[in-house]
Amino acid sequence: MVNNVVILGLVLNMIASFLIAYGRIFRSKKIIQKESRTDKERNLEEERQRLKETRIAQIGAAVMVAGFAIQVLGNIFFQ
């Protein structure tokens with residue numbers, strides 16, 4: 001029987017995967033159009049969007065590390 005601690009780690013890894021890929025999966029047509037425009041060779045909307053996507057991906061990476069750590073601990077201590 002698979003223990004609940006390992007399942008928790010797997011769920012965290014699945015959530016982390018979506019967070020890491022968030023910027024590419026959930027980008028709307030409106031956002032893409034805003035990112036395509038430039039104003040004097042600069043696009044503030046693209047900068048904002050990239051900063052947002054980077055922060056979400058960083059959170060996703062931290063959640064993924066936590067998920068793997070929970071799986072390892074579950075396999076070591078609860079098997």
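Analyst: A helix is a DSSP run of H or I with at least four residues, a strand is a run of E with at least two, and both are numbered from the N terminus. The expected span of a helix is 1.5 Å times one less than its number of residues. This is a predicted model, in which local features need pLDDT of at least 70 and side-chain atom pairs count only at pLDDT 80 or more, while totals for chains, interfaces and linings use all residues. Residues are numbered from 1 along each chain as its sequence is written, and side-chain values use heavy atoms, with hydrogens and water left out.

User: What span should helix α3 have, and how far apart are its end C-alpha atoms?

Analyst: Helix α3 covers residues 44-77, and at 1.5 Å a residue its 34 residues should span 50 Å. The end C-alpha atoms are 49 Å apart, which agrees. Within α3, the C-alpha atoms of T54 and F77, 23 residues apart along the chain, are separated by 34 Å.

User: Which residues of α3 are buried?

Analyst: Buried means under 20% relative accessible area, exposed means over 50%, and partly exposed lies in between, using a 1.4 Å probe and protein chains only. In α3 the buried residues are E45, Q49, E53, I56, G60, G67, Q71 and G74. T54 counts as partly exposed, because its relative accessibility is 41%. As background, an α-helix has 3.6 residues a turn, so residues three or four places apart point the same way.

User: Against which helices do the buried residues of α3 pack?

Analyst: They pack against α1 (4-25) and α2 (29-36).

User: How do α2 and α3 cross?

Analyst: Two packed helices are described by the angle between their axes and the distance between the axes. Axes are lines fitted to C-alpha atoms, for helices over the stretch in contact, and angles run from 0 to 180 degrees between N-to-C directions. Under 35 degrees counts as roughly parallel, over 145 as roughly antiparallel, 65 to 115 as roughly perpendicular, and the rest as oblique. Here the axes come within 7 Å and cross at roughly 125°, so α2 and α3 are oblique to each other. Contact means heavy atoms within 4.5 Å; α2 contributes I31, K34 and E35 to it, and α3 contributes E45, E46, Q49 and E53.

User: How do the residues of that contact divide into nonpolar, polar and charged?

Analyst: Ala, Val, Leu, Ile, Met, Phe, Trp, Tyr, Cys and Pro count as nonpolar, Asp, Glu, Lys and Arg as charged, and the others, Gly among them, as polar. The contact of α2 with α3 has one nonpolar, one polar and five charged residues.

User: What does the side chain of E45 join in a polar contact?

Analyst: A polar contact is a pair of N or O atoms within 3.5 Å; within protein, one must be able to donate a hydrogen and the other to accept it, and residues adjacent in sequence count only if both atoms are side-chain atoms. The side chains of E45 and R48 are joined by one of 3.1 Å. At the start of α3, a side-chain oxygen of N43 also comes within 3.1 Å of the backbone nitrogen of E45.

User: Is N13 buried or exposed?

Analyst: N13, in helix α1, counts as buried because its relative accessibility is 8%. Not counting residues up to four places away in sequence, N13 touches V63, M64, G67, F68 and Q71.

User: What does L12 touch?

Analyst: With the exclusion of residues up to four places away in sequence, L12 touches V63, G67 and I70. L12 is partly exposed, with a relative accessible area of 21%.
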